[in-house]
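This report describes how two parts of one chain meet. The sequence and structure are shown first, followed by the description.

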Amino acid sequence: MNLASIQAAEKKLLLNTYERNPYLFVSGKGVFLEDENGAQYLDLLSGIGVSALGYGHPAVEAAIADQSKRLLHTSNLFFHEQTAELALRLTEISGMDRVFFCNSGTEAWEAALKLARASSTKAREEGRKIGTKFLALEHSFHGRTMGSVATTSKDKYRLPFAPVMGDVEFVQFNDVADLRAKFSDEVCGICLEPVQGEGGIHEVSKEFFAAARELCDSTGALLLADEIQSGLGRTGKWFAYQHYGIQPDVTTLAKPIANGIPMGAMMCTERAAQAITPGMHGTTFGGGPLACAVAIAVIDTMRKDNLLAHIEEVGGFFKQQLEGLKQRHDCVTEVRGMGLMLGMEINSAELAKQVAAQMMERRIIINRTSETVLRFLPPYLLEKEHVTTAIDALDEILKANTQLAGSAPAGDQAHG
Ligand SMILES: Cc1ncc(COP(=O)(O)O)c(C=O)c1O
C-alpha cells in the first residue's frame, strides 16, 4: 500500500483520534527516518521522546533478536531472567526502592495514583488523618486513562469523558502561595511533571518543588513526579528531579525506556510501597522478557557511551543556538527546557504551525505543542552538526514567515 491508499483506508477504518502528518516512514538509521521514496528526514522528535537511541541501534537490535529467539512472554505468575536485572538498574539510577512494570505512560501514572490512594487508605486504617484528594498542576499532562485525564489540566482532554476520577484540584503553575492555600490533610498526593512536556516545556521552579516536598512531609502525603517525558536522561540527568536535589516518593517512566517497545514503570520508596499487597494491582503484559531485555540494553548503552554527558553538551549547544534565534527574530518570545527537552515559544499559533510544517517539508521533523511552542525531543545520539542544520533551516523559515506573526490561533498537534 502507498501513502494515499493507507490514508484512505485509515480514514475509513480507524477511530478518529489522530491528525497524522502526510508522511509514510518505512525505516530509520541513527537520527534519520526514511520515507517510502527513500528520502531521509532528520528526526528531532524521536516519536515524541521515545527512540532515545535512534533507529537501528545495534544494542537494541541484538537485545530484540536474542530475547525473541528465547522467550517473549510467560505472565507475571512466574519469574523470568530480566525483571530483577532491570529493577536493579532502575533503582540505582533513580534512588527509588521498588519498581512496578507496565506497558505505557498512562498505565504507570495510574499505578502512581492508585499507590497514593492505597497509601492514604493504609494511613487512615492506622489512625492517621489523611484524605483522598490530589493536587495537580495547571498545564499538566499525565495521559489518557480516567485517572490520568482527571489529573490533566486541559479541559479538552477531560471534560468530554466526565465524570472522570474525582477529588482533584488544580494549582496555578509555580504558584507556591496557591499550593499552600490548597494543601491540607485532605491531600493524599501532589502531582507534578518536573519539566512539563505536552504543556509546552515548562520547568517547575525549585521553590515550588521544595514547597511540595515540605508539604507532603508534613502530613505523609506522597509527592508524585511524572517523568514519563523528562525521565531516563532526557534532561541530561537520569531524572529531572535530580537537577533540583529533591527526591519524590513516586516517579513514573515510560517513553524512552525500551526505545519503542511499549513499556512503563512506576518507582517508589519503601515506605510508599508498603501500601501494596499481592493481588491489589497488576498487568498481564507488564515487565515481559522482551521489553525488559531491551530496557536493560538501553540503560547499559547509555552508561557505556556516557550519554548523559553527551545530552548535556549537545542540549546546551542546542539551547544556546535557539537563544540566538530569539535574538534574531522578534516572533520568538522564549526558549525553555533542559538537555534534549527543549521548547521555543512563538508569538503566533499560526506561525508556529507554519514553521513546523515547513521544517517537515525540509525533511526535519519537529512538533508543535500547546499551540505556540515548537518542541524538540531528539534522539540522544544527536550531534552538534545536526543542531546546526536545524537552526539554519529555522532561521531561514522564520525570516521568510515573519509577516504571518500575530495572526489568529490554530488547533494544536499534541497527542502525547
Ligand atoms: C508527562 C507525561 N505523562 C504521561 C504521558 C502518557 O504516556 P502514554 O502516552 O505512554 O500513555 C505522557 C505522554 O506524552 C507524558 O508526556
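## Domains and basis of the model

Domain bounds here come from an automatic or database domain assignment. That assignment gives domain 1 (3-57 + 306-409) and domain 2 (71-304), and their C-alpha centres lie 27 Å apart.

The model is predicted: local features need pLDDT of at least 70, side-chain atom pairs count only at pLDDT 80 or more, and totals for chains, interfaces and linings use all residues. Residues are numbered from 1 along each chain as its sequence is written, and side-chain values use heavy atoms, with hydrogens and water left out.

## Extent of the interface

With contact taken as heavy atoms within 4.5 Å, 30 residues of domain 1 touch 31 residues of domain 2. About 2500 Å² is buried between the two domains, 57% of it on carbon and sulfur atoms; buried area is the accessible area (1.4 Å probe) that two parts lose on being put together, summed over both. L308, M338 and M341 supply 29% of the area that domain 1 buries against domain 2, more than any other three residues.

## Salt bridge across the interface

A salt bridge requires a side-chain nitrogen of Lys or Arg within 4 Å of a carboxyl oxygen of Asp or Glu. By this rule, 1 salt bridge is found across the interface of domain 1 and domain 2. E198 forms a salt bridge with R375, with the closest N and O atoms 2.7 Å apart.
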